[in-house]
Amino acid sequence: METGTKISAIAHVGLIGWALFGGTFRSEPLPMAVQDVTVISAEQFAAMTAQREAPEVPTDPVELQQPAQPDEIETPEPMPEEPPEPEPVAQPEPEPEPEVEPETVDISPEPELIEQPPTLEEPEPEMAALPSPPGPEAEPSPADKIAPEQIAPPPPEAKPDDVETPPVSLDEGAETQQEQQDQTAPEEAAPEIVTEAEEVDDPAPRTSPRPRVRPNRPAPTPEPEVAETPETAPTEPAQNEQAINDALAEALGGGTEPSGPPLTSGEKDAMRVAVSRCWNVGSLSTDALETVVVVGFSLSRDGKVVDGSLRMVGSSGGSDASAKQAYDTARRAILRCGSKGYDLPADKYDQWQDIEITFNPERMRIK
Amino acid sequence: MKLLSKVAAIGALTLIAACSNNDPSALGGGAGGGGALVPGSPSDPRSPAYFQQTVGDRVLFAVDQSTLSPQAQTILQGQADWLLANPDFVANIEGHADEQGTREYNLALGARRANAAREYLISRGVAGNRLTTVSYGKERPIEICSTEECYSKNRRAVTVLTGSTLG
Amino acid sequence: MMKLLTSLLVGLTILSAPVYAQSGPLRLEIDEGIIEPMPFAVPSFVPDGPSAAQYAQDISRVIVSDLTGTGLFREISSDAFISRVSSFDAPVQFADWKAINAQALVTGAVNVSGKRLTVRFRVWDVFSGQELGNGLQFAGTTDGWRRMAHKVADQVYTRITGEGAYFDSRVAFVSESGPKDQRRKRLAIMDYDGANVQYLTDSAAIVLAPRFSPTGDRLLYTSYETGQPRIYLLDVGRVKRQELPTQEGTMSFSPRFSPDGRSIVYSLTQGGNTDLWKMDLASGQSVRLTNTPAIETAPSYSPDGSRIVFESDRSGTPQLYIMPATGGEATRISFGQGRYGTPVWSPRGDLIAFTKQNKGRFHIGVMRTDGSEERLLTASFLDEGPTWSPNGRVIMFTRETQGASGRSTLYSVDISGRNLRPVRTPDGGSDPSWGPLQN
């Protein structure tokens, strides 16, 4: 990485950008008479039009090169310290624009112009507190998280996490050398987006604005005897194919390793739910929410995602850009929820070594 | 302001009698002024204050409406009579709306109300060139509570005497 | 026995489905996920010297504020950080960020040289260990540090969500102070987040409903300067304004720019009746677009300029209608209960935001351009006047509280109906108009 070249490139682009855009002065050739607004004096106006040329709008962005490889990192030498300039106290506006000081004309008594921009640290989200649900079929209430199933508010001390962790205290866990852990609990979630307009003050029953189909739950216990029989559930063609493939592989004697029995629908559902818990579509654009992506990856025997195995197998219903975002989100889900390894039956490794998941956001769209 | 509206209402009620009675001093007494007639005071029947308080300078409207109720027509008749009797004055009729509506729609609604009052005055013989209108929509409520009691007073057309044509 | 059957089955299948001759991957479909703010971390940008320290801190803070303000992201406090970023070019310790569940990471550096400020940054997808997009550098003056922060935040937002940017934009609005019956109103502009408020008029005359031009260099608004509401055009950069030549002795208001910025559509009241007109700004010539005894106001162009949605009470109550931009027959699109007003076409063209009044409550809502799929996003004593963010994802509007002490405040809400929050302004605010993304 030649620092000199880099600096030169930046300087050039900056200079050209400035030459192109920095000094333009747009005037409106409208034929009507134009008069000064009374709120500024002629001197002020002269001052700010003069000032117009000076401040520079951010110039064209310059792409940076990839960061240096870990082994050849050079710590930048401390720059010879410049004579400390007095920092501007009031923040001048970024645009080359006139400052219209209201004080010059307005005689209203209240303080007018803020010296410092208002701080924005705590814009409290206006999500109302949960009205106590009348029963199990409670009205969905606004929550920061939308999940297929409603989750009650967590115990006050728990940090939100996708995996519930019991609190472990130091003395109890001393023998097992367990690290101290904060108690975690699933974050409070509502089953659907509830807008202010849909909130109700009284818990009286009313029709649900958007009934949702519940996801398939994992079967309570996988039935081992199914192992021998290829599943032929009519609604699950993929499973059928899988069964046939397995049977085929077996019948043809293909594969050096003996192929395990196919996953039960319960085991598949468990895997599906495991990934969907991390599939956060909340930060996807409306376009990306129209895009279906198929993501392929491989797992090692301990259920962890094999490095570099993730890839987009295909996409439909959106632009390349939205497919990219949809893929990023799907990849994040697979990696995040699989960081400790997916819990899959070890004896059926051949069945889940390679996985392709179709992420279809149709039901998660903003409606 | 509330007192003012009440006085205006009383003035409106006494107006029916007033129309046929041309003795201004009798009216001045009727309005409860008492004492000597002070030019320009509410007891002076040729004064804008008299117009405002005794004749009644405003008419009220139902929600979303710009049609004139019989009561409003009575008040406007009084205004017309006064304007005809005092040809030196011109008037600007301000239309208003309550806050229960969007800003720009209310602006148009206020214009409709002001125009309804203006048309009525013209139909009673007042020259159109003495009457202008303006709408304030919901920008200038006279009562600021958020109940129908206040809203009903804000849905109004107010005839404001803008001065004598003689200057 | 089973094996035999299976072999038979295979024997039959192998002819019809030879594509399955090889063992394929396990195929699953997921159609239900979660919606929650994505946790992200922005370690304070690395200053290259003492004079850059404060800027680095402030820029990082504004980036965080922009991102969390969308409701789509959740900041991970620096208290939880394991890694310290002391050099922009040092490799990222992804494990440290994974451990605190930071799914996105923004690293950056700030350089100040005299009045010149440069900001470099990178966006990382922590769990895949990959960079989202490429590193980028913005250069400008120290005066513009806030805009540079917004530009960085816009890049981060776009790279993660795929949504268009909107932080580096401004909003024109009416600053309000005083009680309801003596409200003082002044035209003002500010950054989208309420910072850098500048006043453009004093409070001598009532001003209403400013609208930004498509390029953000001009404003249309209504003022009572002459005693009558009339429309004005103001050059934002030069703070020069002119009254537009509508007919004398009439009331003109509700002006909006066409998408090409060359003409405006507005309401003109004659004889108590309000219709829509269109004015060519170069010539000042107006033509009538509607001609009914009903009130027609609050127009809004479709982004392609071919159609206008507006509010009319021709059916008896205010409802929404769409007509060709040249005038002509209008089609009603609102059919729900209540009254509809102030329709605003989204910059994406797919939705129309509106004010709805029903059963004594006001709502901000959105519907498709044919009136279908109506969704109400808010509910209060008085909400009105929606305006779209440049990317069509967020709506800002006016909320007025009731009673004698009622006050106007600007609010914003995501089009999902989530993330409703006030926009902080020094005084009260109303009638926001969101300008375009600055360049």
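**A first tour**

Tutor: Let's begin with chain A, which has seven helices and seven strands. Keep in mind that this is a predicted model.

Student: In what order do the elements of chain A run from the N terminus on?

Tutor: The order in chain A is α-β-α-β-β-α-β-α-α-β-β-α-α-β.

Student: And how much of chain A is buried?

Tutor: Chain A has 367 residues, and 28% of them are buried. Take the contacts in chain A between residues at least 6 apart in sequence: 73% of those join residues at least 24 apart.

Student: OK, chain B. How many helices and strands there?

Tutor: Six helices and four strands in chain B. From the N terminus, chain B reads α-α-α-β-α-β-α-β-α-β.

Student: What share of chain B counts as buried?

Tutor: 46% of its 167 residues. For contacts in chain B with a separation of 6 or more, 66% come from residues 24 or more positions apart.

Student: Now chain C. How is it divided?

Tutor: Into domain 1, residues 38-161, and domain 2, residues 169-437. The C-alpha centres of these two domains of chain C are 36 Å apart.

Student: Switching topic. How many residues of chain C are in contact with chain B?

Tutor: 33 residues of chain C, and they meet 22 residues of chain B.

Student: Which strands of chain C supply that side?

Tutor: Several give at least two residues each, among them β12 (207-212), β17 (263-270) and β24 (339-345) of chain C. β16(C) has the largest share, with three residues.

Student: Which helix of chain B lies across β20 and β21 of chain C?

Tutor: Helix α5 of chain B, residues 103-123. Helix α5 of chain B runs at about 150 degrees to β20(C).

Student: What sheet are those strands in?

Tutor: An open sheet of four strands in chain C, in the order β20-β21-β22-β23. The pairing is antiparallel. At the edges sit β20 and β23 (331-332) of chain C, each pairing on one side only.

Student: What holds strands of a sheet together?

Tutor: Backbone hydrogen bonds pair the strands of a sheet, either parallel or antiparallel.

Student: How many bridges join β20(C) to β21 of chain C?

Tutor: Four, and the two strands run antiparallel. β21 of chain C covers residues 307-312. T297(C) stands opposite E311(C), which is in β21(C).

Student: Last one. Where does A294(C) lie?

Tutor: In the loop between β19 (286-288) and β20 of chain C.

Student: Why does A294(C) count as partly exposed?

Tutor: Because A294(C) has 17 C-beta neighbours inside 10 Å. To be buried a residue needs 20 or more, and with 12 or fewer it is exposed.

Student: What is A294(C) in contact with, leaving aside neighbours within four places in sequence?

Tutor: S312(C), D313(C) and R314(C). As for D275(C), it is 19 residues from A294(C) along the chain, and their C-alpha atoms are separated by 7.7 Å.

Notes. Residues numbered from 1 in each chain as written. Chains lettered and ligands numbered in written order. Predicted model: local features only at pLDDT ≥ 70, side-chain atom pairs only at ≥ 80, totals over all residues. Domains from an automatic or database assignment. Contact = placed C-beta atoms within 7 Å. Pairing = 2+ DSSP bridges. Axes fitted to C-alpha atoms, helices over the stretch in contact; angles between N-to-C directions.
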